Amino acid sequence: MFRKKHDHNCQDSDTRDEMVKELETAIGPLSGRSLQYCSRACLARYLEARNWNVDKAKKMLEESLKWRSSFKPEEIRWHEVANEGETGKVFRANFHDRSGRPVLILRPGKQNTTSAENQIRHLVYLIENAILNLPNGVEQMSWLIDFTGWSLNTNVPIRTARECANVLQNHYPERLCIAFLYSPPRIFEAFWKVVKYFLDAKTFQKIKFVYPNKKDSVELMRSFFDVDNLPAEFGGHAKMQYDHEEFSRMMAQDDVKTASLWGFDDKLNHLCNANGHSGAEMVAEPIPLAPPAS
């Protein structure tokens, strides 16, 4: 049987629903974590990433399910990657963009490790954490990338950058709304000329360079962010602070939520007891890292 052809723009909601059902049928019966992962919204994101081509979306989703089965991103806990975060090179900000999306702040100039595997696990953990903290009705996140202190000495290898791009665009499709690269140094252009070829067209369009002396780029970023919430490192009025102990406390609280979401309560309780903390102690009130969105 041949599948019916559909308009790749797929603007009609009934057509979208029909294609989600078609993908659901094509994937076949699922169980356990795969079933939990493959919500209708998830299937729609994979379809969107492949221009609503069911066959391509099916292949992409099957590859993601294999990856999740082996990588087990939902099982990563903060204590396993906390050393990667000691300098605050990547963290979830406590403010949102104008549309309520959570924000990851990346500061490649604060690179502090050399293990590509651990760096990727750290990034995956924080992507999962941003997804865990999505407000109702929001499916994407925004990234802000600060190049203060960046140099070729602190830069990740090309191979690691390629793997990070692969994970983001192939296993977290349509989770990134936009990424602003703020005032990258001229030497970064050589690195970018290589890395950009690892990005698919949809991801490439989400990468925006911002330079303080280029008004259009600044206005684009400010159309996404309230300047009072935007840290000074990105031309805003807020003060960006990263306290590793405070952030670790917040991530420990979120690990409890993740454990409950995926049914790993027993594992989490074991970890809490092993670290000398009770579950109640680990779900204390969070401490803000930056001014909340107005």
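How many helices and strands does the protein chain have? The protein chain has 12 helices and five strands, taken as DSSP runs numbered from the N terminus (helices: H or I, at least four residues; strands: E, at least two). The model is predicted: local features need pLDDT of at least 70, side-chain atom pairs count only at pLDDT 80 or more, and totals for chains, interfaces and linings use all residues. Residues are numbered from 1 along each chain as its sequence is written, and side-chain values use heavy atoms, with hydrogens and water left out.

**Chain totals**

Of the 294 residues in the protein chain, 48% are buried; buried means under 20% relative accessible area, exposed over 50%, and partly exposed in between (1.4 Å probe, protein chains only). The accessible surface comes to about 15300 Å², and carbon and sulfur atoms account for 51% of that area; the areas come from the Shrake-Rupley method with a 1.4 Å probe, and for residues only the protein chains shown count as cover. Among contacts (heavy atoms within 4.5 Å) between residues at least 6 apart in sequence, 76% join residues at least 24 apart.

**Helix H8**

In helix H8 (residues 188-195), the buried residues include Phe188, Phe191, Trp192 and Val195. These residues lie on the same side of H8 because they cover an arc of only 100 degrees around the axis, the arc being that of the directions from the helix axis to the C-beta atoms. Ala190 and Lys193, on the other side of H8, are exposed. The cover over the buried residues of H8 includes helix H7 (158-171), strand E4 (176-182), helix H9 (201-204) and strand E5 (207-210).

**Aromatic pairs**

The whole structure holds 19 aromatic pairs. Rings of Phe, Tyr and Trp (its six-membered ring) pair if their centres lie within 6.5 Å; planes under 30 degrees apart count as stacked, over 60 as edge-to-face and the rest as tilted. Two of the pairs are listed here.

| Pair | Centre to centre | Angle between planes | Class |
|---|---|---|---|
| Trp78 and Phe247 | 5.4 Å | 75 degrees | edge-to-face |
| Phe180 and Phe224 | 5.5 Å | 70 degrees | edge-to-face |

Trp78 lies in helix H5 (residues 78-81) and Phe247 in helix H11 (residues 244-262), so their pair ties together parts that are 169 residues apart in sequence. Both Trp78 and Phe247 are buried. Phe180 in strand E4 and Phe224 in helix H10 (residues 215-224) are 44 residues apart, and their pair links distant parts of the chain. Phe180 and Phe224 are buried.

Ring pairs also link Phe147, Trp150, Phe188, Phe191, Trp192, Phe204 and Phe209 into a cluster.
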